[in-house]
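Here's a quick briefing on side-chain packing and pairing. Have the model open while you read.

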Amino acid sequence: MKEIKLENNEISLIEKYAFMNIEEFFYLDLSKNNLKTIEFISHVKTLLMNYNQIDIIKNDTFLNLNKLESLELGYNKISEIETYAFRGLNKLNELVLIGNRLNHFKHGTFDNLIELQFLNIQQNFIDKIYTHFFKSNFN
């Protein structure tokens, strides 16, 4: 199986090993559900979780997603991203955080995203951009 589409459901819980028997798939769409966490997914290259109920992204949330290239978390309720939330995403080249409740980013939030080419943080409440926010990985 290469693609799983579960968007537009009422999913609020995905058990830890729900996708365990799928060795590798490329595309997982969980948009428009009622998910509050991102603790259950591995072996995916594109992950869409737009329009859910996510409010915080904790440190090491994506640590096991070392193949992830595209991550969309638009139109959730994200108001905080912990400093090491994106640790382990060495291949991520696209990150979409449009339409959340973010007002700033902690120093170092994006430091581990060495392949990042596209960052969309439109329609948030960002009021400050700190020195060195756009480090060398945004070149």
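**Rings, charges and a buried Asn**

A search of the whole structure turns up four aromatic pairs, where ring centres of Phe, Tyr or Trp (its six-membered ring) lie within 6.5 Å, and planes under 30 degrees apart count as stacked, over 60 as edge-to-face and the rest as tilted. Keep in mind that this is a predicted model, in which local features need pLDDT of at least 70 and side-chain atom pairs count only at pLDDT 80 or more, while totals for chains, interfaces and linings use all residues. Residues are numbered from 1 along each chain as its sequence is written, and side-chain values use heavy atoms, with hydrogens and water left out.

**Aromatic pairs**

- Tyr-51 and Tyr-75 are stacked, because their ring centres sit 4.8 Å apart with the planes at 10°.
- Tyr-51 is in the loop between strand E3 (46-48) and strand E4 (56-57) and Tyr-75 in the loop between strand E5 (70-72) and strand E6 (80-81), so this pair ties together parts 24 residues apart in sequence. Strands here are DSSP runs of at least two residues (helices, H or I, need at least four), numbered from the N terminus.
- Tyr-51 has 40% relative accessibility and so counts as partly exposed; that class falls between buried (under 20% relative accessible area) and exposed (over 50%), with a 1.4 Å probe and protein chains only. Tyr-75 is also partly exposed, at 29%.
- Phe-62 and Phe-86 are stacked too, since their centres are 5.8 Å apart and their planes at 15°.
- Phe-62 belongs to the loop between E4 and E5 and Phe-86 to the loop between E6 and E7, so they tie together parts 24 residues apart in sequence.
- Lys-32 lies over the face of Tyr-51, 5.7 Å from the ring centre (the rule asks for NZ of Lys or CZ of Arg within 6 Å of the ring centre and within 35 degrees of the ring normal).

**Salt bridges**

- The count comes to three salt bridges, each a side-chain nitrogen of Lys or Arg within 4 Å of a carboxyl oxygen of Asp or Glu.
- Asp-60 pairs with Arg-87, with the closest N and O atoms 2.7 Å apart. Asp-60 is in the loop between E4 and E5 and Arg-87 in the loop between E6 and E7, so the bridge ties together parts 27 residues apart in sequence.
- Lys-106 pairs with Glu-80, the closest N and O atoms being 2.9 Å apart. This one links distant parts of the chain, with Lys-106 in the loop between E7 and E8 and Glu-80 in strand E6, 26 residues apart.
- Glu-3 and Lys-5 meet through their side chains at 3.6 Å, N to O. Glu-3 is partly exposed, at 45% relative accessible area.

- Asn-100 lies in the loop between strand E7 (94-96) and strand E8 (118-120), and is buried at 3% relative accessible area.
- The Asn-100 side chain reaches the backbone oxygen of Leu-73 at 3.0 Å, and one of its polar atoms lies 3.0 Å from the backbone nitrogen of Asn-76.

Conventions
Polar contact = N/O pair within 3.5 Å; in protein donor to acceptor, adjacent residues only side chain to side chain.
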